[in-house]
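Please read the points below alongside the sequence and the coordinates.

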Amino acid sequence: MGKQHLLISLCLLGEPCRYDGKSVPMGGEVIERLKEKYILVPVCPEQEGGLPTPRIPAERKGERIVRRDGGDVTAEYAKGAETALSLCRKHNISIALMKAKSPSCGAGLIYDGTFSGTLTAGDGVTAALLSKNGIKVYTENEINALL
Ligand code: SF4
């Protein structure tokens, strides 16, 4: 049987696609171990949604995604989530490794919309759409479950 495909947040692979123009790489050894087991399918939902890098940070406020300056980027986040879901469908993906706490990729815990660094229970927009469609979403904090 061939390797399973794994959807992965692009910034975890070292791509500087975060809002602040940085990446959050997991480290070469972990990435190599993942590659031994899976075919990695990277995605940055915020870039796919048409947002620039760097970009003004945004957080989830209920069903909306609002930038720190008050701008509404809900549509861009929704577009990025749909792109991620399309990739999963294309490659028959059932598991995803996504960046914790992000308003797009975070699963289980995200920032609470007050831009104070406070976390609350919830999923980022992409993580929520993937879960709703039966894809199991892990964050890098749960990496051991995938290795
Ligand atoms: Fe990383 Fe996801 Fe944010 Fe893109 S949207 S920078 S992949 S956490």
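Helices (H or I, at least four residues) and strands (E, at least two) are DSSP runs, numbered from the N terminus. With elements named in this way, Pro54 is placed in the loop between α2 and β3. The model is a predicted one. Its chain comprises 4 helices and 8 strands.

**Overall architecture**

- Read from the N terminus, the order of the elements is β-α-β-α-β-β-α-β-β-β-α-β.
- The radius of gyration of the chain is 14 Å, close to the 15 Å given by the globule rule for 147 residues, so the chain is as compact as a globular protein of that length.
- The C-alpha trace spans about 50 × 30 × 25 Å along its principal axes.

- An open sheet is formed by 4 strands in the order β2-β1-β5-β8, and their pairing is parallel.
- The edges are held by β2 (38-43) and β8 (136-139); each has a single partner strand, so one side of each is left without a neighbour in the sheet.
- From one strand to the next, the twist averages 30°.
- Strand β1 (residues 4-9) and strand β5 (residues 95-98) run parallel and are joined by 2 bridges.
- Ile8 has Leu97 in β5 standing opposite.
- Helix α1 (residues 28-37) lies across β1, β2 and β5, and runs at about 120° to β2.

- Strands β3 and β4 (residues 64-67) run antiparallel, with 4 bridges joining them.
- Arg67 in β4 is the bridge partner of Ala58.
- The two strands form a hairpin with 2 residues between them, and Gly62 in the turn has a positive phi of about 65°.

**Backbone exceptions**

- Most residues other than glycine have a negative phi, and most peptide bonds are trans.
- Against that background, the peptide bond that joins Thr53 and Pro54 is cis, with omega about -5°.
- Asn92, a residue other than glycine, has a positive phi near 55°.
- Asn92 is located in the loop between α3 (74-90) and β5.

**The largest pocket**

- Rolling a probe the size of a water molecule over the atoms shows where empty space is left.
- The volume of the largest pocket is about 470 Å³.
- This pocket is lined by 25 residues, of which Arg18, Tyr19, Lys101, Ser102 and Pro103 are the closest to its centre.
- Both α2 (45-48) and β3 (58-61) supply at least two residues each to the lining.
- Which classes of residue make up the lining of the largest pocket? The lining has 15 nonpolar, 3 polar and 7 charged residues.

How values were computed. Residues are numbered from 1 along each chain as its sequence is written. This is a predicted model: local features need pLDDT of at least 70, side-chain atom pairs count only at pLDDT 80 or more; totals for chains, interfaces and linings use all residues. Side-chain values use heavy atoms; hydrogens and water are left out. On a 1 Å grid over the protein atoms alone, a cavity is a set of points where a 1.4 Å probe fits but cannot get out, and a pocket is an open set with protein on both sides within 12 Å along at least five of seven lines; lining residues have an atom within 4 Å of a point. Grid points are joined across faces, edges and corners, and a volume is the space filled by probe spheres set on the points. Ala, Val, Leu, Ile, Met, Phe, Trp, Tyr, Cys and Pro count as nonpolar, Asp, Glu, Lys and Arg as charged, and the others, Gly among them, as polar. Two strands pair if DSSP finds at least two bridges between them. Axes are lines fitted to C-alpha atoms, for helices over the stretch in contact, and angles run from 0 to 180 degrees between N-to-C directions. Contact means heavy atoms within 4.5 Å. The radius of gyration is taken over C-alpha atoms; the globule rule is 2.2 Å times the number of residues to the power 0.38.
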